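Trainee: Pick a single part of this model and go through that part closely. Then show me how the surroundings are put together.

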Amino acid sequence: MPARIAVFVDVQNIYYTTRDTYQKQFNYRQFWQHLSEQGDIVIANAYATERHDTQQQKFQSALKHIGFNVKLKPFIQRSDGSAKGDWDVGITIDVLDAAQQVDTVVLLSGDGDFDLLLKAVKVKHHVRTKVYGVPALTANALVNACDEFVEITPAMLQ
């Protein structure tokens, strides 16, 4: 029986880390094909902020076409100039729920806040954990918490 895979994409994190490091965008279609060769993708969530921007809506539509469930949270611009659109809690809840139903949890993010989450699902649900991230911009705690860290390299970009 093929491995059941759940994938969770921290879209903002992947966008900024690939842009800042390589000046390119992550190739989600190629990633999906690569992952589907490793098992059945039974859950695929991409977490993004909604800015009502045409280019962003096209991107979100492309993600849906590939097979992702796109979850949107409003982008909030604070009066002091800072912004909020963080999905950490939403991703955490979804990973905890999914871990009961899958063999592998795949996280695309460099955010070290997810290290405790990966450790918890490995212990509680005995799932394999994989993280895809840009090496220079992925927290060491996250790399150390997962079973396998996959470096996002220029070959994975478009």
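Mentor: Helices are DSSP runs of H or I with at least four residues, strands are E runs of at least two, and both are numbered from the N terminus. Keep in mind that this is a predicted model.

Start with one residue. L117 sits in helix α5. Its relative accessible area is 7%, under the 20% cut-off, so L117 counts as buried. Set aside the neighbours within four places in sequence, and L117 touches T92, V95 and L96. Take L96 as the example. L117 and L96 are 21 residues apart in sequence, yet their C-alpha atoms are 7.8 Å apart in space.

Now widen the view to the whole helix. α5 spans residues 115–125, and its buried residues are D115, L117, L118 and V121. Viewed down the axis of α5, these buried residues fall within an arc of 170 degrees, so they line one face of the helix. The other side of α5 carries L116, V123 and K124, which are exposed. What lies over the buried residues? The cover includes helices α4 and α6 (140–145) and strands β6 and β7. After α5 comes H126, with a positive phi near 55 degrees.

β7 (residues 128–133) pairs with β8 in the parallel sense, over four bridges. There, G133 stands opposite E151 of β8.

Next, the helices on the sheet.

Two packed helices are described by the angle between their axes and the distance between the axes. For α2 (residues 28–36) and α3, the axes come within 10 Å and cross at roughly 20 degrees. Angles under 35 degrees count as roughly parallel, and α2 and α3 are therefore roughly parallel to each other. The crossing of α2 past α3 is right-handed. Which residues meet? Y28, R29 and W32 come from α2, and F59, L63, H65 and I66 come from α3.

Finish with two loops, each with a positive phi to check. Q23 lies in the loop between α1 (11–22) and α2. Its phi is near 60 degrees, positive in a residue other than glycine. Q23 is exposed, at 59% relative accessible area. H52 lies in the loop between β2 and α3. H52 is not a glycine either, and its phi is positive, about 55 degrees. With a relative accessibility of 64%, H52 is exposed.

Now return to the starting point. L117 is buried, and L117 is among the residues on the buried face of α5. That face is covered by elements including α4, β6 and β7.

Methods:
Residues are numbered from 1 along each chain as its sequence is written. This is a predicted model: local features need pLDDT of at least 70, side-chain atom pairs count only at pLDDT 80 or more; totals for chains, interfaces and linings use all residues. Side-chain values use heavy atoms; hydrogens and water are left out. Two strands pair if DSSP finds at least two bridges between them. Buried means under 20% relative accessible area, exposed over 50%, partly exposed in between (1.4 Å probe, protein chains only). The arc is that of the directions from the helix axis to the C-beta atoms. Contact means heavy atoms within 4.5 Å. Axes are lines fitted to C-alpha atoms, for helices over the stretch in contact, and angles run from 0 to 180 degrees between N-to-C directions. Angles under 35 degrees count as roughly parallel, over 145 as roughly antiparallel, 65 to 115 as roughly perpendicular and the rest as oblique. A crossing is left-handed if the near helix is turned anticlockwise from the far one by less than a right angle, and right-handed if clockwise.
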